[in-house]
Amino acid sequence: MVRTDHHGRFQRGDDEEVLRISPVLSFGSMLGVRDAAISGAGVAKIPTILAESAIAEGRLVEELPDWCGAAKDLYVVFPSARSVTTRLRVFLDMLNQWNGTDFADG
């Protein structure tokens, strides 16, 4: 395994800190990162939406509650409003509830 340094950006209000991170494990899935952290593999920087149930259940502990990762834009692309299936509608409703944005408002 090749170890590489990464940088993690953390924000609190107008403050921003950039930390050099040397990961021991690498995953292609944030769910894998979360599950490894739950199993005790170490500290993980994962989206709140993936961690909140494990935090509520006491399986994860939030280490820096006043800090968050740098915001990232999220786009949902689909052909037209007529192509919104029930499955897509449920997903969009979940995103709208979580983010407070109407993703189907195109």
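Arg12 is partly exposed, at 37% relative accessible area; here buried means under 20%, exposed over 50%, and partly exposed in between, with a 1.4 Å probe and protein chains only. Its side chain meets that of Asp15 in a salt bridge, 3.9 Å from N to O. By salt bridge I mean a side-chain nitrogen of Lys or Arg within 4 Å of a carboxyl oxygen of Asp or Glu. Asp15 is partly exposed as well, at 43%. Asp15, in β2, is also the bridge partner of Arg12.

A word on the source. This is a predicted model, in which local features need pLDDT of at least 70 and side-chain atom pairs count only at pLDDT 80 or more, while totals for chains, interfaces and linings use all residues. Residues are numbered from 1 along each chain as its sequence is written, and side-chain values use heavy atoms, with hydrogens and water left out.

Now the overall layout. The protein chain has three helices and three strands, in the order β-β-α-α-β-α from the N terminus. These are DSSP runs numbered from the N terminus: helices are H or I with at least four residues, strands are E with at least two.

How are the strands arranged? They form an open sheet in the order β2-β1-β3, with antiparallel pairing. β2, residues 15-21, and β3 are the edge strands, each pairing on one side only. Two strands count as paired if DSSP finds at least two bridges between them. Seven bridges join β1 to β2, and two join β1, residues 6-12, to β3. On the β3 side, Gln11 has Cys68 as its bridge partner. The hairpin of β1 and β2 has two residues between the strands, and Gly13 there takes a positive phi near 60 degrees.

Back to charges. The search of the whole structure finds five salt bridges. One of them joins Arg9 and Glu16, with the closest N and O atoms 3.1 Å apart. Arg9 is partly exposed at 42%, and Glu16 is partly exposed at 40%. Another of the five pairs Arg59 with Glu57 at 2.7 Å. Arg59 is partly exposed at 42%, whereas Glu57 counts as exposed at 52%.

Next, the inside. Which residues make up the largest nonpolar core? They are Val33, Ala37, Ile46, Ala51, Ala54 and Leu60. α1 (30-38) and α2 (48-56) each supply at least two residues of this core. A core here is a set of buried Ala, Val, Leu, Ile, Met, Phe, Trp, Tyr and Cys residues joined through side-chain atoms within 4.5 Å. Apart from its neighbours within four places in sequence, Ile46 is in contact with Met30, Val33, Arg34, Ala51 and Leu60, where contact means heavy atoms within 4.5 Å. Over the protein chain, buried residues make up 15% of the 106 residues.

Finally, the outside. Leu74, Phe91, Met94 and Trp98 form a nonpolar surface patch with about 370 Å² of accessible area together. Areas come from the Shrake-Rupley method with a 1.4 Å probe, and for residues only the protein chains shown count as cover. Patch residues have over 30% relative accessible area and no salt bridge; like charges are joined within 9 Å, and nonpolar side chains (Val, Leu, Ile, Met, Phe, Trp, Tyr) within 5 Å. Leu74 lies in the loop between β3 (68-69) and α3 (86-99), and is partly exposed at 42%.
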